[in-house]
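Kindly read the points alongside the structure.

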Amino acid sequence: MNFLFRYLPFVAAMALVVVASNVLVQFPLQLAIGDFSLADVLTWGAFTYPFAFLVTDLANRRYGPSVARRIVFVGFMAAVLCSIVSPPLLYRLGLIEFDTAAGRLVRIACASGAAFLAAQLLDVAVFNRLRRQSWWRAPIFGTLAGSVLDTLVFFSVAFAPAFAFLGPNEPFALEQAPLMGVFSTDVVRWLSWAAGDFTVKLAIAVFALIPYRLMVLRWSRPATA
């Protein structure tokens, strides 16, 4: 309990990012660039989830890796819970059109929890190793390493047939379609989803350097009377 109160801003920020991402991932991005429909590869959740790395990095910079890992475990519990609760709730509220089978919910929860925990802990480790180098190295390389692992773990566990022992496959995700919706090479849909998601993670990783730098500079200023 003391931990929650002492580090409440980071706990609240992590919980907000995870909850928002689990809700927004249910809604495709209904935009198009020429003939390229972003709804084929992206959801709104792709734009909020990467900020979990920013929260972890700021906690690591402010309080060190031990506290950062505790923040990660809060996010992990939120990720698993929201993965199970959000889809049925949104369906009952009439906000999404399709209900999700219980088996799929369990598999998505496993994918979400495993990806989040592995990626965030890797981010903490990389960040801590680089924390004494140039200010941007720790957050950018930690986030990039975590983003690669997060994408690989989540999309593989959630959609690859090899993980069907965790729950049923999603037939639509396994259908062949042009890569990213525009290239001539046909791949299973979930590979395009993974590629789109990772592209957004890279963009957010660069953008997040701005709030990261501003917060670190604020902490480094001497207190005024």
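1. The lining of the largest pocket draws at least two residues from each of α2 (8–24), α3 (45–48), α5 (65–92), α6 (102–130), α7 (137–159), β3 (176–178) and α8 (189–207). Helices (H or I, at least four residues) and strands (E, at least two) are DSSP runs, numbered from the N terminus. The largest contribution, six residues, comes from α6.

2. This is a predicted model, in which local features need pLDDT of at least 70 and side-chain atom pairs count only at pLDDT 80 or more, while totals for chains, interfaces and linings use all residues. Residues are numbered from 1 along each chain as its sequence is written, and side-chain values use heavy atoms, without hydrogens and water.

3. On a 1 Å grid over the protein atoms alone, a pocket is an open set of points with protein on both sides within 12 Å along at least five of seven lines, a cavity is a set where a 1.4 Å probe fits but cannot get out, and lining residues have an atom within 4 Å of a point. The largest pocket has 49 lining residues, with Val25, Gln26, Thr43, Phe159 and Trp193 nearest its centre. Its volume, the space filled by probe spheres set on the points, is about 1,500 Å³.

4. The largest cavity holds about 60 Å³ of space. Its lining includes Phe53, Asp57, Pro139 and Tyr212, and α4 (51–63), α7 and α9 (209–220) each supply at least two of the lining residues.

5. Leu81 lies in helix α5. At 54% relative accessibility, Leu81 counts as exposed (over 50% relative accessible area, 1.4 Å probe, protein chains only).

Conventions:
Buried means under 20% relative accessible area, exposed over 50%, partly exposed in between (1.4 Å probe, protein chains only).
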